Amino acid sequence: MHLSATHASGNVPTARRVAPKPLNPVLSRRCFNARISRLSLLGAARAFIVLVALGTVVAMALMWPTNVGDKFSEVVQPSDKATVTGIDDRPCGATVSDRCIRVLIQLDSGDEAGSRGVIQWNANGVDPDVHVGDKLRVAQAQEIPGYEEYGQNTWTLVDFQRGPALIALFAIFAVMVLLLSRLRGALSLIGLGISLLLILVYVIPAILDGKPPVAVAISGSLAIGLIAILLAHGRGPKAVAAMLGTTSSLLLTALLAVIFTSATRLTGLSGEEAFALRLADPSVSLQGLLIAGMIIGALGVLDDVTVSQSSTVFALRAANPDLGFRELFGRAMDVGRDHVAATVNTLVLAYAGSSLPVLLIFASGALGAGEALNLELVAEQVVATLVGSIGLIVAVPATTALAALLALHTPRAELEHEAAHGHAHTH
């Protein structure tokens, strides 16, 4: 038996070393570029949002109210709480047919809390109906002849106490939001609270302090929009796209509001409140207040539609990762067109409702269509509706395109995470 030379020598054959295949330079470059593109695109978008946020903070700091005096105390009537304890009517005036309603009240607050008083108005159907037990806000008036015998002070009705009913309504709203959206609903409610707080502590006091109303409204609206989206939807690509869409469309809305308020010669003097403000402080820009109202009024709709469009794009991309930009944009725009149609209708009905008394006069034939539209009270609503609608229409394709670009450069795991956290309509 002969051994081979190899075994005879006791050497063990060594395994052949296989040289690694060189990396495909094209594929390697493509993966590297995709990674850089993803990081640079999302990073650039986030950097832009940070710059917008910093600019908003600086603007708010420069315009923060510091000298808000009690300028409007003379146009705001102080009042006390009262409860209706009795109602009757009695003759008053020159004839027996002249009747007056006498409302007996008990004061619940103020220096005369616990005392009784009386409210009198003519029984002509103009004064509001009151019932025993109603909660009112009243102010002391001059004595009416013939009431001294009752030994009661005379008061005037300022308004009804609506606090408890409003609190109950808000509680129902909050419970519905929490039941439907849970944690995101809670975050949305926090965002809503912050929005109201910014309006009460910054927007309104800054305008009263003489700061430019348009600049105040833009900075306040940007702060409200960014905070609301950040709280409810985080800082992922979907929220970034919504913030970019909201910012661009809000600035366009502000520009259109300024241009067409000036072009239509709107003065802001269409309501009694405007005259009261002008009398109390002639330096307040009523036209600026009108534009600021348009900007803030459009924000809620813009915020809603930008988040909806961004959520739609990311949901489509997560469901079918093979969709390209054109497919993502086209399918999301199909949803966006429906959303725009419904939201524009909402805007029109909301503004029409606010000018319903004038529209009733128009419908009665007392005013022609041209005359009715020329009234400032109606023209204000028309301009606000059309300006907000144009901003809304522009926001849909702009946000959809931005979201599609970001979705194409978002990893699959993050896409699924973004799609899993949908959009809650609580803005």
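Predicted model: local features only at pLDDT ≥ 70, side-chain atom pairs only at ≥ 80, totals over all residues.
Side chains of opposite charge can pair when their charged atoms come close. A search of the whole structure finds four salt bridges. Three of these pairs, among the four found, are set out below with the distance between nitrogen and oxygen.

| Pair | N to O distance |
|---|---|
| Aspartate 88 and arginine 102 | 2.8 Å |
| Arginine 162 and aspartate 159 | 2.7 Å |
| Lysine 211 and aspartate 209 | 2.7 Å |

The salt bridge between aspartate 88 and arginine 102 has an N to O distance of 2.8 Å. This pair joins distant parts of the chain, for its members stand 14 residues apart. Aspartate 88 belongs to strand E1 (residues 80–91), whereas arginine 102 belongs to strand E2 (residues 99–107).

In the salt bridge of arginine 162 with aspartate 159, the closest N and O atoms are 2.7 Å apart. Arginine 162 is partly exposed, with a relative accessible area of 44%. Aspartate 159 is likewise partly exposed, at 30% relative accessibility.

The side chains of lysine 211 and aspartate 209 also meet in a salt bridge. Here both residues, lysine 211 and aspartate 209, are buried.

Technical notes:
Residues numbered from 1 in each chain as written. Heavy atoms only, no water. Helix = DSSP H or I, 4+ residues; strand = E, 2+ residues; numbered from the N terminus. Buried < 20%, exposed > 50% of the residue type's maximum accessible area, 1.4 Å probe, protein only.
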